[in-house]
Amino acid sequence: MKVTLIIALIFVCISPWFLVLVRNYRTDTFSFTDLVKLNENIDELNLEQTQLRDAHLGKTSRPIVNKYNNYLKSLLGRYLESFDTSFLFFHGDIDLQWSTQTAGALYLSFLPMILVGLFILIESYKNIRSKTVIWILLISPIPAAFIKPHYQTLIRIPFLLVLTYIAAVGFIWLLKKRRLITVLLLILLIFEIAQFGHDLIRHYPRRLENQGQSFQ
Amino acid sequence: MNKFNLIKHEILILILIFSIGVFLRFFLLSKVPISLNWDEATFGYNAYSILKTGRDEYGSFLPLIFKSIGDYKNPLMVYLMVPSIAVFGLNEFSVRLPSALLGSLSILIIYLLTKRLTNKSNIALLSASFLAISPWHLQFSRAGLEIPVSLFLTLTAIYFFILSIEKNMKFLYITALAFGLGLYSYYSDRFFIPMMITVLFILFYKQLLSHLKEFIIASLIFFLLTVPLILPFFSHGSQNKILNTTLLGYHPPLSYINQLKKEDSGTVFYSLFHNDFVFYSWLILERYGNYFSPGYMFVKGPPDNRQRIFGMGMMYFFDLPLLLGGLYLLFKKRDKRLQFILIWLLIAPLPAAITRDEFHPRRAFEMIGPLMVILALGTDLLWNKFSRLKRSTKIVVGIIYTYLIGYCLGFYFFSYYILTPLKTFKGSGGWQYGYKQLVQKVSKIQNEYSKIIVDTEYQGPYIYFLFYEKYPPQKYQTQAELVYYCQGCLGEGAGFDNFVFRPIDWIADRNLKNVLLVIPPDKIDPNALGTNRAKIIDKVYFPNQEVAFYLVKTF
């Protein structure tokens, strides 16, 4: 458990989301913007209801196409965004302030570790620790579901932390049982860290400047 | 219940599932999708041309590649449409019939295949049920497109492969035939099928090599079917298609590359981090990941209007827990057949991942087979877990899940039949609504004009005029000419008789005499026409009552 936590901590400290957060940290940037409202996209919903009415399906469709279901669908969509590969491994936050957008919130080399770690935790679900981690994994993206901006990193920090822990679990298992795969993953990880670091220092400042932000 | 009654029971359920699948694929088939897109129209007209003359629209005799609009289509779909058009005539129904029919039959094949793979009737019935109502499968089974055909052939091939391993090796010949025909169905399959064959060989090589005679004959059958494709593969058209579609032909903008080089100048970093291998690998991995992304699969679907169902992804929300349960089972069990399903799922999106589009469900259609089996496995697993829950928890979970199923199915119905057609009707990225109505209006007056110039902004008008006028193919073949109006664009038929299809230059073309211009509204100001040179004589409207075309007479 201790070793897992240490590795998880190392993983966090080298993760893209963390490094960008540290680089761009300002006390006045931590403001969560709009919440998703019940009347979100109400104009579009009204248009859909009109179109269904014109097709003589107004009454039949009302239990399905209404603002409550729309709202729930919106929440579910934002919840699932946390698990998007684009957010996690390729582009991260759509706000350049919180992501270089040439890397995800986590490194791609974490993915096999996460999958292995997840499998191990599910297999040992009866263990209280495993159960807790799985439930935190499922619950931690819920706050992000209520935030209007898509793929927001800050509100997903708890989710990213638990994913990183799961990656550490997977890493330790792979290290014990599959040394060759671990070596290959480490090589890939080192390359990704180097590439990310290079982009963060060399190219990312220019992209930020082009967008009118510098944070330095 | 004795065995006979169980089998009778199973068959009745299968008939019910099949009937539902058939109904969903044939209900309002001519009307939804809202119109033929130009892929359907070109398939249809070329099939009509083959039926009447044995040649395609350009006069090639029984071709193995159809030049069409410059996208060089695979032949199988065209030939499958020939009998359909012979019986029902050249119309929307006959064009869409082969996809709908083979899409429906896929339900039976997946039942048989799943039963072979899992030895469980309930899981087989479940996989058939999921396919019957799959929005992804329905989206393409109801359009006159090749991919339901390719999936049908893949399922058939794999089913008979399993049968050959278990029962009689001679079934391998049907596998070879099905895989061979699959190469003629859709371009992605030319990448997918060799991979699938390799996987099957690696997993089952002992059984294959222990029946060497049948294996060699099957390989010969497949090889003979492949041979006619070798030369066309190296043709200019095929090569162009590959370059235009895949990442092979994609290069980042020069300004982007120069900027990177400038910032990395004098260092080894550009060669290390921005070389072609890293760049293209990253793109491919990103695209590959999109096919396992909840956002695309369950929430927003593809950006392409012809592929999307408004307001939802390619699968239902209620599929998600079942999918996770099924995947868990695949990882857990060390069964070769279950491992095969997992490998099938992992290789299926590869042909799509190497193309330029970020998410293209049509090219990843082969994912549907393993996904339906996994959903069935997941349902079986989760149902067992559900049965063991406390009564109060069962009630709560049951109510929520039933509500979710009802919502998803209900929304799909309303979206697919009403909302999606009204959001995806326009242009070549959509279903190109308006051409049928246009042809009906123009045909009545075409002899009154020396020339009818049809603008190509919405792309492909020529094929719709050929299609809806049922223009004699033998006449068109002598006039056929494909013209390209921009780099990297698909082509346009130049024209036939007094029809010309090209971009209209309003300033120049309004000076022509006794010409009918068919022009989209953004190219002219109807209030500034004046009465001494041109006059709007008719309009074609989109379903939202916006003008699609003005018919402008010049004099």
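This report walks through a predicted model of two chains, from their overall build to a few local details.

Residues are numbered from 1 along each chain as its sequence is written, while chains are lettered from A and ligands numbered from 1 in the order in which they are written. Because the model is predicted, local features need pLDDT of at least 70 and side-chain atom pairs count only at pLDDT 80 or more, whereas totals for chains, interfaces and linings use all residues.

## The two chains

Chain A has eleven helices and zero strands, and along its sequence the pattern reads α-α-α-α-α-α-α-α-α-α-α. Chain B has 24 helices and eight strands. Here helices (H or I, at least four residues) and strands (E, at least two) are DSSP runs, numbered from the N terminus. The radius of gyration of chain B, taken over C-alpha atoms, is 26 Å, close to the 24 Å that the globule rule gives for 555 residues, so chain B is as compact as a globular protein of that length. That rule is 2.2 Å times the number of residues to the power 0.38.

The table sets out the extent and burial of each chain. A residue is buried if 20 or more other C-beta atoms lie within 10 Å of its own, exposed if 12 or fewer, and partly exposed in between, with C-beta atoms placed from the backbone.

| Chain | C-alpha extent along principal axes | Residues | Buried |
|---|---|---|---|
| Chain A | about 65 × 50 × 30 Å | 216 residues | 31% |
| Chain B | roughly 85 × 65 × 50 Å | 555 residues | 45% |

Two residues are in contact if their C-beta atoms, placed from the backbone, lie within 7 Å. Of the contacts in chain A with a separation of 6 or more, 74% are between residues 24 or more positions apart. In chain B, among contacts between residues at least 6 apart in sequence, 74% join residues at least 24 apart.

## Where the chains touch

The contact between the chains takes 27 residues from chain A and 25 residues from chain B. On the side of chain A that touches chain B, α3 (42-54), α5 (67-81), α6 (85-90), α7 (110-123) and α11 (179-210) each supply at least two residues. That side of chain A divides into 13 nonpolar, nine polar and five charged residues. In this count Ala, Val, Leu, Ile, Met, Phe, Trp, Tyr, Cys and Pro are nonpolar, Asp, Glu, Lys and Arg are charged, and the others, Gly among them, are polar.

## A residue in chain A

A:T132 is found in helix α8 (residues 128-139) of chain A. A:T132 is exposed, with 12 other C-beta atoms within 10 Å. The C-alpha atoms of A:T132 and A:L121 are separated by 9.7 Å, and these residues are eleven apart along the chain.

## A helix in chain B

Helix α17 (residues 336-347) of chain B has twelve residues and reaches 16 Å from its first C-alpha to its last, close to the 16 Å expected. The expected span is 1.5 Å times one less than the number of residues. Buried residues in α17(B) are B:L338, B:F340, B:I341, B:W344 and B:L345. Seen down the helix axis, the buried residues of α17(B) fall within an arc of 150 degrees, so they line one face of the helix. This arc is that of the directions from the helix axis to the C-beta atoms. Their cover includes α4 (92-118), α9 (189-209), α16 (319-332) and α19 (368-387) of chain B.

## A sheet in chain B

Six strands of chain B form an open sheet in the order β4-β5-β1-β6-β8-β7, with mixed pairing. Two strands pair if DSSP finds at least two bridges between them. At the edges stand β4 (495-496) and β7 of chain B, each with a single partner strand, so one side of each is left without a neighbour in the sheet.

Strand β6 (residues 515-519) of chain B is mostly covered, with five of its five residues buried. From β6(B), B:V515, B:L517 and B:I519 point one way and B:L516 and B:V518 the other way. Strand β1 (residues 451-454) of chain B pairs with β6(B) in the parallel sense over four bridges, and B:V454 has B:V518 in β6(B) as its bridge partner. β6(B) also pairs with β8(B), in the antiparallel sense over four bridges; there the partner of B:V518 is B:L551.

Strand β7 (residues 534-541) and strand β8 (residues 547-554) of chain B pair in the antiparallel sense over seven bridges. One bridge joins B:K535 to B:K553 in β8(B). Their hairpin has five residues between the strands, and B:Q545 takes a positive phi near 70 degrees.
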